[in-house]
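Please look at the sequence and the structure before reading on.

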Amino acid sequence: YFSPRLNRVARGKYMLEAELRDAVANREFKTHFQPKIDFQTGQVVGAEALARWVRPNGKIISPNTFIPLAEETGLVTQIGEQVLEAACESARIWMQEGFNATVAVNVSPRQFQSSDLTETVLAILKRTGLPPNRLELEITESMAVSEPEKVARGMRPLRSLGTKLAIDDFGTGHSNLSILTQLPFDVFKIDRQFISGLYSDKQAPAIVEMILGMAETLGMETVAEGVETEAQEAFLRRRGCDQYQGYYYSAPVPLDRFIHMLNEDRAKFAATAS
């Protein structure tokens, strides 16, 4: 039934969609980087690239607001390509400054449906000059098991060049583990809901330990998302997790700040070594 409230909601969505289309055309999406920390060395070894919509007036629109609409309208494919290109260009810059950090970029279901995703990634790598082994692509667990043949076929040329494939939000889906083990994954990313529940949900520690054990058996790396406390970091360290990211170390930051963090990290470890 029609109501004034529904009319306002529809009008607001229409206006946001129009603004989103303008933002894509004007390249208003900025890429921030959340550091990934190696548990053994304590060093920054990479970063996840995350999109931030920054309006001309400086206002930042939350991804929770624009990503669902971008998925619905198909604009997420263009946004994803812009973020991928910015991430690869940024990683090339810090590589030229002598840092060995990789960059991870999320691939949305819409992007993965595109028949030319592999060609797009290869073209961006060539255009930006980033070596393929410095890039990691992240896809969700649900997307991986829905079209396993397409995942394997699309990633084969990229993996042959050294690009890694990570399964994001691992543990949240109801997937067939036998399918996952046959796919060309290199990294399991443990979903933040299990990390936040380590000391409040009695099932979370068991799930995290199961994922870590499975990854070790399969020879895969593990990255814990959403680490926010010293207790969470200590638990994951004891259980043999490889890397973590989260506010315990740093929020996502712009490129210049991330490079500054890499410089601080290098100086700290150089002082320790001497």
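Which side chain meets that of arginine 55 in a salt bridge? The partner is glutamate 19, at 3.5 Å from N to O, where a salt bridge is a side-chain nitrogen of Lys or Arg within 4 Å of a carboxyl oxygen of Asp or Glu. The pair links distant parts of the chain, since arginine 55 lies in the loop between β2 (44-54) and β3 (60-61) and glutamate 19 in helix α1, 36 residues apart. Helices (H or I, at least four residues) and strands (E, at least two) are DSSP runs, numbered from the N terminus.

Arginine 55 counts as buried at 19% relative accessibility, whereas glutamate 19, at 29%, counts as partly exposed. Here buried means under 20% relative accessible area and exposed over 50%, with partly exposed in between (1.4 Å probe, protein chains only).

## Basis of the model

The model is predicted, so that local features need pLDDT of at least 70 and side-chain atom pairs count only at pLDDT 80 or more, while totals for chains, interfaces and linings use all residues. Residues are numbered from 1 along each chain as its sequence is written, and side-chain values use heavy atoms, with hydrogens and water left out.

The protein chain averages a pLDDT of 89, and 92% of its residues score at least 70; pLDDT is the predictor's confidence in each residue, from 0 to 100. Among the elements of the chain, helix α8 (residues 177-182) has the lowest mean pLDDT, 70, and strand β9 (residues 243-244) the highest, 98. Where pLDDT is low, the predicted coordinates should not be read in detail.

## Further salt bridges

In total, the structure holds 13 salt bridges. One of them joins arginine 21 to glutamate 17, with the closest N and O atoms 3.0 Å apart. These two residues are separated by about one helical turn, because they stand 4 residues apart in helix α1 (residues 4-25). Both partners count as partly exposed, arginine 21 at 40% relative accessibility and glutamate 17 at 23%.

Another salt bridge is formed by glutamate 136 and lysine 36, whose closest N and O atoms are 3.4 Å apart. Because glutamate 136 lies in strand β5 (residues 135-140) and lysine 36 in strand β1 (residues 29-38), the pair ties together parts that are 100 residues apart in sequence. Glutamate 136 is buried, with a relative accessible area of 5%, and lysine 36 likewise counts as buried, at 2%. Elsewhere, salt bridges link Glu48, Glu138, Lys189 and Glu225 in a network.

The structure holds 1 cavity of 30 Å³ or more. On a 1 Å grid over the protein atoms alone, a cavity is a set of points where a 1.4 Å probe fits but cannot get out, and lining residues have an atom within 4 Å of a point. The largest cavity contains about 40 Å³ of space, and its lining consists of Thr77, Glu81, Gln111, Ser114, Asp116, Leu117 and Thr120. Two or more residues of this lining come from each of α3 (76-96) and α5 (117-128).

By class, the lining divides into 1 nonpolar, 4 polar and 2 charged residues, where Ala, Val, Leu, Ile, Met, Phe, Trp, Tyr, Cys and Pro count as nonpolar, Asp, Glu, Lys and Arg as charged, and the others, Gly among them, as polar.

## Cysteines

The count of disulfides comes to 0, a disulfide being a pair of cysteine sulfur atoms within 2.5 Å. Cysteine 88 counts as buried at 0% relative accessibility, and cysteine 241 is buried with a relative accessible area of 5%.

Note on methods: On a 1 Å grid over the protein atoms alone, a cavity is a set of points where a 1.4 Å probe fits but cannot get out, and a pocket is an open set with protein on both sides within 12 Å along at least five of seven lines; lining residues have an atom within 4 Å of a point. Grid points are joined across faces, edges and corners, and a volume is the space filled by probe spheres set on the points.
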